[in-house]
Structures are given as C-alpha cells and as structure tokens.
Amino acid sequence: MPSARRMILGHVMSGLCTKMNRTKQLPADLMETPLNRCLNTFDITLLGIGHMVGAGIYVLTGTVAREMAGPAIVLSFILAGLVSLLAALCYAEFGTRVPKAGSAYVYTYVSIGEFWAFVIGWNIILEHMLGAASVARAWSGYVDSMLGNIIANITMEITGEMHEQLLAKYPDFLAFFVCLSYAVALAAGVKATAMINSILTTVNVAVMTLVVVLGFWYASPDNWSLPEQGFMPYGFGGVLAGAATCFYAFVGFDSIATSGEEAKNPSFSIPIATILSLCVVTVGYVLVSAALTLMIPYNEINPAAALPDAFGLRGITWAKYAISTGAICGMTTTLLGSLFALPRCLYAMASDGLLFSCFGKVNTKTQVPLLNLALSGLCSALLALLFDLEKLVEFMSIGTLLAYTIVSASVIVLRYRPISVEETVHLAPDTPGTDEEDGGPTLPGTGSAATAAPSGGVDSSSQSSTIDPSSPTSEMIEIALSGRLRPQFRWLEPVLGRCEPGVACSGAVLMFCVLSVAVCFQLENSWDELYHGTWWALGLYGFLLFCLVACVVVISAHHQNTRGLQFKVPFVPYIPALSIFCNIELMVHLSFLTWLRFFIWLSIGMLVYFLYGIHNSKEGELGTSYSMLMSTSEAIRGWGSTSTALGGGTKVTVTKIIKGRISRKTAGDRQAIVDDEDDEDS
C-alpha cells in the first residue's frame, strides 16, 4: 500500500539521518591510547614549524609571486596568516577538549556529527597526501636545480614527455623514491621522528635568517614599483587568490593537532605549540617573500627554485648552495610532517569504524600504524611521480579551508550546547554537606530550564552576588544555563523560547555559513555593481549583512559553558564567526577545476561511507549512548534524578546543588537560587 511504503521509507530515512548525525562518545580516560605519549611542548612546536616552513618558503613563494600576486605576495601571506590564526585559536581550544589523533575529524565527530566528520577526515587524507607529494616534487626540483637539470633531461630522454594536460611534463622518479624513503624512516617511531625533525628545523630557521639578511642587503625598492606593474600587478583579486593558495603553507598546525594523542600534556602543549609556531612562521614568510621580491623583479622569479636562482642572478653563488641545502632540510621536515599526520588520521577514522579495520592496528613495538604509513607513502609517491607541482599546490588549499571552517563552527556549537549528563561535583571545604539521599526533587521539563526562564528562574544579579566563580555551585549553574537565553535578551523569547538548549545556536551557525557563502559568491560575481553603488546590489548586500549580524546576535544572546577548558578562544562567537567568513571567502577564489577535483574525490568518499562506514561505525554499536560533550533534551531531563558521587561518599543531585544548599549568600541577599515554588512545581 502507498501509505505503508511511505511509512517504511520514512522510517528508513529517519534512521539514516540519525546515523549520519550521531556524535562520538569519548572514553572515560582521554589520555589512554595505544600510541606513544612522549612528545613535549618543544617537540610539538618544532614539528609545526618544520611542517609549515618548508612548504611556504620553498614551494609557494616563487609560484605565488610570479603568477598570482607579484610583490603583493607579502600581503597574501599576512592575510593568510591572520585568517589561519583565527582557525588556529579554534584548533587550540579543541586540543584541550579532545587530545586525540585525527585533528579536525575528531573535533567534528564530537561536536557536529558523523557524516560531516567523515567528510572532513576524507579531505584531510587528501590534503596530507597532496602535501607530501607536492613537497617531494619540490624537493626533487631543488636537487635537480643544484645539479644543472641533469635528472630532468635524462628522464625525458628515457621516458619522453607526458602530453596529458592533467599530468606533469615528465615522471619524477626521484620524488617517488623520496616519498618512499621518508615513509620508511618514520616507521622507526615518533620519538626518533621528533629528534630528526628538530635538527632539520633548526638548520632551516638558520637558512631563513640568512635569506632575510642577504635579501634586504641586496634589495632594490624599484622592484616593488615596476613600470606599468606597480606593487599589485594582478590587483587585489590576485592578492586574495594568492592568500587562498598560501593556506597550503599553514597546514602545519593541523599536524600539531594530530599529535595530540602522542603529547605528554596535550592540554598545555597543543595550544602553546599551535599559536607559537604559527606566529613564528608567519613572520618568516613575510620577511622572506619581501626579501625575494626586493632582490629581483617578480617576473624574473623561477617558480621551481625561486630563492637559489634569485641569489644566483645576484652573483652570490655560495649563498645559492647554502639556501638549497636549507631548502632540502625544510622540505624534508614538511614531508615528514605530512607523512606523520596522514597515517594517524587513517588510524583515527578506522578506530571509529568509518574506514576498514585493518587501518586501526598499531605495531606494538614501534607504536606506529605501520600499514597506514606504508599506504600513505605509496599513494603520495605515486602522486609525486605523475602530477605537476602547481596542480598539487592549488588542489591543497580547498581541503584545508573546509577543515578550518568546520572546526570554527564546531567551537561555537560546543560552547553553547549543554555538556554531559553526569558531572562529578567536589564540595568546597567550607561548603555544608547534605544528608539527603537519592530521589530528591527534579527540575521540570528540560531539567534546569527553570533556572533560565524569565518567569521565575535564576536571577542573574543574585547569581553573580551569591556564587563564588570557583565553587562547584557556580560550575553547576553554568552547566545548567548553557545554551539558554541571557536575561537581557528576554525579548527574543517569543521566537527562540521553545527551542531546546543549544538548538537555536546550532541553527544560527548553520544559517551563518549559508549566508556567508551567498555573500562571498555575490562579492565575486557582482563587485563592480556594488563598487559603483547600483541600487539592487546595495539592497541585496544590505539584507545579507543584516541577516549575518542577526545570526551572530542570536548566538551571543545565549549562555556559554567554558568550564574545564585550560585554553579558550577569546571573544566567542565573534572570532570563530570571522574565521568562518574569511575561510569561505578564500574558498570562493579557488578555480573551477579545483572544485571539480574536490567533488570527484568527495564522491569517492561518499561511496566508502555509505557502503561501509555508516554500517560499521563504532557509535552504532553503542545504541542510545550519549557523547561526553553533547546533550539532548532527554539527557537534560535526566539531570534531576542523576546522582553524582561526592568526595566523602555523599550523594546529591544537580538540582539540589542549584537549589542553594551549597550556595553562598551575602548579608543583604537571602534569596535562594531556586525558589521553593519551583521545587513544589517539580
């Protein structure tokens, strides 16, 4: 019957949506892992610097300066660095929340859901494969340049040229063997990898300093103002296009997040290493690109080996070879960073059941996922063998930008969503205990909704005056209020009052992303109309910007929960929202072919997910279990009856804590935090 078919189809689709939106349940002990926790803050910082410096200095500088931005590459790196810093702050907060391998994939799985987590993880795999392949190709180009292009000439004599447009001019066998060799080296273990990386990164930083000093010594300001070219020969659009491509240079802090499961103290090391490495590398990028474009005109730069050729044209032969040596060290650390992160992302996805289980195995002796490392090295080597550097670099940025966007959105979602059902409460020394046992009164409806309701909930002035911010009571109240409207925004209650805690904020984040895409596409296609003040363009942009601001207002109108975070992104939701908008703006400037390749890769991923991952997900085996960082309306309703073990063996409920039995009262304010009338209503 048609109605029966509709019911069956509705049930199937409902079950499918539930599976796609399920979130990851974190283990009770987040520090437990089969990997080797042996990295300190210094190791992780150098891992990030090494991963970023080689790509940005020795791969992108020549390509972006020659073909995209000219001398304005300085602005491209500054813009990319600032936008990356916004995303880095979000990564740093998640590093304190979830110290696990997988980086943005795990963060998305915990906060948004399984489907988007798979999309991000699938693109991180491609991102690191392309990163390793592009750096191996650049490594080969530098060595070949030092040898007078002997390798390229011999290869083309033997194999001939590949005349396919999508492929490189000739197969690069040296890049192929470099990828495989470094993959074998990484199999020795993470501590040996960190030691090698630290030595090579130190050499690389010394070479960067030499480039900056000599570059400014031989600088000519006229190279920034060539006739009919100027400082921005490709216009501001070229600066934005260059910044979008330069994002490839900042994927190193993504590998910092991936190392969270091998850090001794991830809650401290990940935020410090992320911000410090990004700041150091951004300053280095700007100084080196300025020195290069001041030394020689941008249209004389050799994209394959920009810095050595520039010093060679200036007659500084010894510097040419010193820079090439430093470039090899820098690109080695970048290659190691990509090949370090890629197997761990595969491991994280396989451990969750979204990829084949064989990728979730870790060698007991080296504590490294060896099968993942072998596959990563082989795939990266094949890409380096067949594809040109320019095509690899351009395709890199889209996965990076998408990951940054989702992580920034996830920070907002988790800040405004109630956390886990159960909380361990430790009473303060001067706080009176309770002699009541389980079964006390519970809050009505959505648990602690009464505490935020304008009709008789928690009075904000009373809360601020009677609650010690460091007390358990304050923590419980913040947990109870998270995701609910602030008192000063009660005028929004007719619109948002019926939403479950956190739902309105999540919807506003989604709407903000959609509107950002609309604004960015309109800016790309109708900038001239806006610049000349066309009435319809002004009206359209005015409406879209109003809606964007309204989304941010809706988010900021709710209470946050920041308890337990050793590092917090400042000015939430404004900084994450700005990060989302900037990332989308840069994605819009990527070429059509880049998007086409991205959707082809994503289509392959969808086959893997819907044919294997969705059916074998470990979260599917947990039934109705709740994520430690998520909450639903059913979970909140269970708060009142959920007992929490205290230090002395006493048991109390969250409701009783909020009621004021543990509250502090000032001399002039004797009002309970929750009125007795609310207790009777429950």
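**Entry 1, the whole chain.** I note at the start that this is a predicted model. I looked up the secondary structure and found 27 helices and two strands in the protein. I then looked up burial, and of the 682 residues in the protein, 57% are buried.

I took helix α7, residues 173-186, and looked up its packing with helix α13, residues 317-351, which gave an angle of about 65° and a distance of 10 Å between the axes. Since angles of 65 to 115 degrees count as roughly perpendicular, α7 is therefore roughly perpendicular to α13. I recorded the crossing of these two helices, α7 and α13, as right-handed. On the α7 side the residues that meet α13 are V178, C179, Y182, A183 and L186, and on the α13 side I listed T332, L335, L336, L339 and F340. Sorted by class, the residues of this contact of α7 with α13 are nine nonpolar and one polar, with no charged residue.

Next I asked at what angle α7 packs with helix α14, residues 370-386. The angle is about 165°, and the axes of α7 and α14 lie 8 Å apart. Angles over 145 degrees count as roughly antiparallel, so α7 and α14 are roughly antiparallel to each other. The crossing of α7 and α14 is right-handed. From α7 the contact takes in F173, A175, F176, C179, L180, A183 and L186, while α14 contributes L373, G377, L378, S380, A381, L382, A384 and L385.

I ended on P308, which I located in helix α12, residues 306-313. Is P308 buried or exposed? P308 has 1% relative accessibility and therefore counts as buried, the cut-off for buried being under 20%. Leaving aside neighbours within four places in sequence, I found P308 in contact with Y142, K320, I323 and S324. I also checked P308 against W318, and the two are ten residues apart in sequence and 9.8 Å apart in space, C-alpha to C-alpha.

Technical notes: Residues numbered from 1 in each chain as written. Predicted model: local features only at pLDDT ≥ 70, side-chain atom pairs only at ≥ 80, totals over all residues. Heavy atoms only, no water. Axes fitted to C-alpha atoms, helices over the stretch in contact; angles between N-to-C directions. Helix = DSSP H or I, 4+ residues; strand = E, 2+ residues; numbered from the N terminus. Parallel < 35°, antiparallel > 145°, perpendicular 65-115°, else oblique. Left-handed = near helix turned anticlockwise from the far one by under 90°. Contact = heavy atoms within 4.5 Å. Nonpolar A, V, L, I, M, F, W, Y, C, P; charged D, E, K, R; others polar. Buried < 20%, exposed > 50% of the residue type's maximum accessible area, 1.4 Å probe, protein only.
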